[in-house]
Every structure is written in C-alpha cells, then in structure tokens.
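Please examine the backbone geometry and the surface pockets of the model shown here.

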Amino acid sequence: MIVLAILRHDQRLADMAGGNDMSESTVRRWRDELIGLLSAQAPRLDRALKKAVKQGGQAVLIDGTLIRTRRRTGKADRRNYSGKHRSHGLHFLALTDENGRLIWISAARPGRTHDNTAARHDHILAHLRAAGLGFRGLDNDILDPVIITGYTATRTHKLTPGQKTANRVLAVGRAPVEHGFAHLKNWRTLTKLRTDPDRATRLLRALLVLTNLEPTTDG
C-alpha cells in the first residue's frame, strides 16, 4: 500500500518513510522490488497481439506519448528535448485494443524520437501482419510504412478544408488510444519523472500492469 501511494499520488519517499516509522532506504527498496516484479509481468509485443486475437480483437490502435522528465544539464540530455511538446521527456509507443485498453508499451526512447522511428525500430507492422490484426495509426504501405499524423498549419501555410477534414477524422480514430494514455497518466508519479531515465521502461510497464488490474466502468 505504501508503494501504491507513492506511484498513485507521487508521494515523496522521505514523507512515506517518516509517516510509517521506517527508513527511506526500506521504502525505496520496496518500491524498486515491486516495480521489478510488476514490469516482468508486462506482455511482450507478440504475446500481447496473440492475446488480442484470442479475445476476438480485429484491430489495434497505435500512438506515441511523451512522459515529461526533469531537465538535466549536459549534452546527454539534449536528445530528450521534444520540440513538438517544448519539454524534456521520454518517448513511449503504445498499442491499445479497439476500446482504448492498453495492451503493450515500448521501451523508453529519447523525447525527440518520432513515432515513425519508434514503430520501425520495434517492427510494429511485421508483428501486426503476423498476428493477422488490422490497425489504425499506421499507413499500410509495405515498402515504406509510416505513422499517420495530422496536418499542421504554419505561418505561411494555412490548412485547406480537405486537410481540416482529414485531421478531424484522424482525431476520432485516435480517441480510444488517447483514452488509454489518460488512464496510465492517472499515476501521478508520471507527472514529471524524477527517476533515472534508464529505469523508466520498467516503471511504465509496471504501471501498465497495475492500470489493467483496476476495475473499469466502461460499457
């Protein structure tokens, strides 16, 4: 319960230790052990897709998100700056089922990573085709698959009516996966990560497991 309070409400380790008459090192050890145990239960990509098919799923949704981190000094942190979000963070790619339930999350990558790059690195399309699943969020181009993103207006180029319509259609299709990310980000420890970025992958996968254990009011 102490660790869950830390993850859900972003409680400081020192505060939880003092309030429960124990050492901060003990609370830290509990947190790290629980995150390790839970993250080990997070499904691998191929297994997550097979399970989706077994449960009658016919398609998945794909999207990326930025989990903000504290800015650190030095050249090594420059790649974590996302120009799109104008913030430092780590990029994660995730899959949800058609109802927006998260079924898989990628390893952490630098914040400046584009969804295209992440999807190609994880061979997302190959896994989807092998599982026989349809998908929304990727262009089904065998030679050069890319993430479908909305059109962006600039100072010198306004969107055409057709581009605005395309953006609205895309927004409707992305709604369930955004809903899935929103559930994940209810864990306030993700508000601005203080953990070492190298441990962020385990943390996100642990929270994925916890999120899917929570009762849902959908349907």
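The model is predicted, so local features need pLDDT of at least 70 and side-chain atom pairs count only at pLDDT 80 or more, while totals for chains, interfaces and linings use all residues. Residues are numbered from 1 along each chain as its sequence is written, and side-chain values use heavy atoms, with hydrogens and water left out.

Most residues other than glycine have a negative phi. Asp21, although not a glycine, has a positive phi of about 55°. Asp21 sits in the loop between α2 (13-19) and α3 (24-39); helices are DSSP runs of H or I with at least four residues, numbered from the N terminus. Asp21 counts as exposed because its relative accessibility is 74%, where exposed means over 50% relative accessible area with a 1.4 Å probe, protein chains only.

His123 also is not a glycine and has a positive phi of about 55°. The loop between α5 (115-121) and α6 (124-131) holds His123, which counts as exposed at 52% relative accessibility.

The second largest pocket has a volume of about 380 Å³. A pocket is an open set of points on a 1 Å grid over the protein atoms alone, where a 1.4 Å probe fits, with protein on both sides within 12 Å along at least five of seven lines; lining residues have an atom within 4 Å of a point. The volume is the space filled by probe spheres set on the points, which are joined across faces, edges and corners. Of the 17 lining residues, Leu13, Arg31, Thr189, Arg194 and Thr195 are the closest to the centre of this pocket. Two or more lining residues come from each of α1 (2-9), α3 and α8 (200-213), and α3 gives the most, with 3 residues.

How values were computed
Buried means under 20% relative accessible area, exposed over 50%, partly exposed in between (1.4 Å probe, protein chains only).
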